[in-house]
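Q: I am new to this structure and would like to learn how to read its features one at a time. Could you take me through them slowly?

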Amino acid sequence: MPFSLPAGGRLAVLALSLAVALGSAPAAPAAADTASPFGPQAPQNPATAANGAATMHGDSASSGTTPYPGPGTSAIDYSRTALASACPTVVVGSDGYVIALCTSIFGQTPTVHLLDPVTGADLASLALPKGSLFGGVYAYLDNGDRLVVVDGNNDLVRVGHRRAGSGWTLQVEQSTPLGNAVPAGDNIVGLTPDWEGRVWFATSGGVIGTVDTGTGAVRSVSTGEGVQNSISTVPGHTAVATDHALYLLSAGPDGTPVVDWRAPYDRGPARKPGQLSWGTGTTPSFFGPGNGTEYVTIVDNAAPHGNLLVYRAAGGPDPICRIPVLTQYARSGTEDAVIASGRSVFVTNTYGYPYPALPEGAPASQPSSANFEGGLSRIDVNAEGTGCSVVWNSPVKSAALPRLSLADGKIYTVSVTGPTGSAGLNTFAQYHHSVIDPATGAQLTSAFLGIGLVYNPLQMRGTAAPDGTLYQGTETGVVRISKR
């Protein structure tokens, strides 16, 4: 293929879709079929749009959940918006309009698209300055329905949209240079705001910093370790996973990042096939049964199976549990951020998934290739918060990064059947809208979407709108899925 793309949970290393949205009061969630036993929802970040559709992972805690229902298990309607771009981040604004940040196939230019919420049609687009292919993937929708992203010039920009005559336009409404905080040749991979309105960022070279877009002040520190995932925030805490350790940080009086604790993890003997770099493939996720912030979790890169690591955010670098996951296979690993809600964590297997591109400098995998077998595991933290246990293993072969609806109690993803080698995924593989029962791991329903690269979701996460419509980024555009 003449272009390169990435995957889901570590979607920070992917290069593709971001999102922005719009501007009135949030719509009420559509009525749900059943109440979810999971939650509570992560705290609403005052600097972002409403939880569920404000970031690639739903919220600044990177919980992978949504307060909105999905299309459910009944018949669906779907349509595809062809954008000749891979679109990993799709968000929905308070006015219902959909924004996707995509990377074009030809030219590999990061481009923001505004989509019609009724038809999915592309209403307007804005190309941003091009940087590293795998930089600038993560963005978020702010509380003014503007997409916040770092462009190829290392400027943090806020992209808004407005009606212009009979059409729509997208425009940069604010730009803040990051200056020398991003070394030459480095690039931003993670971006999220904290509760004081500062914007935190992390670079692939291991710089962690904050930006005050009101004053232009930038403060940063260097870990000396690579970062290939997004970063997460809850009140008082920012979590960053490097290719060697999980960091929990807070901000000093002037905004300079302060390391509260550092937890090294087992990065394994090498990069695994189905991962984009050598280290964890997961963005840190905050969760917990009390207020949604008690725990923070990642999956390491141990061989032959990765371990789920869960820490107390207010504790220290010693995990409350370290448990192998996806052990139904001889070998496993993940490039996907987990779903984390209440006391439950859901992990997706991407071992062997053939990505069309790797970040610059990525080492060779060991082995060089493997079959993609898919599968998911659910792990629960015990009621005392002292350990974890596996609840179920599922054979569902997820080609997308799943999302859990707290409204209807279902997990939504895109599953794949047929040939799943590098050529097969983009030719004869068949993709299906799939609904999974989070209580048992059983697949509740599966509806055929299409064949080949135009429907390949590249381990990217779908986003549910308040009306229950699901928007799934693919290798070539966005698929809109709704209840019939």
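Predicted model: local features only at pLDDT ≥ 70, side-chain atom pairs only at ≥ 80, totals over all residues.

Q: Let us begin with charged side chains: how many salt bridges does the structure hold?

A: The general idea is to look for a side-chain nitrogen of Lys or Arg within 4 Å of a carboxyl oxygen of Asp or Glu. In this structure there are eleven salt bridges, and one of them is formed by D142 with R158, whose closest N and O atoms are 2.8 Å apart.

Q: Which parts of the chain does the pair of D142 and R158 tie together?

A: D142 sits in the loop between β7 (140-141) and β8 (147-150), while R158 belongs to strand β9 (residues 155-164), so the pair ties together parts that are 16 residues apart in sequence.

Q: Are D142 and R158 buried or exposed?

A: Here a cut-off is needed, since buried means under 20% relative accessible area and exposed means over 50%, with partly exposed in between. D142 has a relative accessible area of 0% and is therefore buried, and R158, at 7% relative accessibility, counts as buried as well.

Q: Where in the chain do D254 and R219 lie?

A: D254 forms a salt bridge with R219, the closest N and O atoms being 3.4 Å apart. This pair links distant parts of the chain, with D254 in the loop between β17 (245-251) and β18 (257-264) and R219 in strand β14 (residues 218-222), 35 residues apart. As for accessibility, D254 counts as partly exposed at 46%, and R219 is partly exposed with a relative accessible area of 31%. Salt bridges can also share partners, and in this way D142, R146 and R158 are joined into one network.

Q: Which residues line the largest cavity, and how do they divide by class?

A: The lining of the largest cavity includes T55, M56, H57, D59, Y138, L191 and S230. Sorted by class, this lining has five nonpolar, six polar and one charged residues.

Q: What can be said about the lining of the second largest cavity?

A: The second largest cavity is lined by 13 residues, and P40, A42, S63, A340 and S341 are the ones that lie nearest its centre. Strands β19 (285-287) and β23 (339-341) each supply at least two residues of this lining, which divides into six nonpolar, seven polar and no charged residues.

Q: Finally, which residues form a nonpolar patch on the surface?

A: The patch is formed by Y78, F448 and I451, which together have about 270 Å² of accessible area. F448, which lies in strand β30 (residues 443-451), counts as partly exposed because its relative accessibility is 40%.

Technical notes
Residues numbered from 1 in each chain as written. Heavy atoms only, no water. Patch = residues over 30% accessible without salt bridge, like charges linked within 9 Å, V, L, I, M, F, W, Y side chains within 5 Å. Areas by Shrake-Rupley, 256 points an atom, 1.4 Å probe, with all protein chains shown as cover. Helix = DSSP H or I, 4+ residues; strand = E, 2+ residues; numbered from the N terminus. Buried < 20%, exposed > 50% of the residue type's maximum accessible area, 1.4 Å probe, protein only. 1 Å grid on protein atoms, 1.4 Å probe; cavity = no way out; pocket = protein on both sides within 12 Å on 5 of 7 lines; lining within 4 Å. Nonpolar A, V, L, I, M, F, W, Y, C, P; charged D, E, K, R; others polar.
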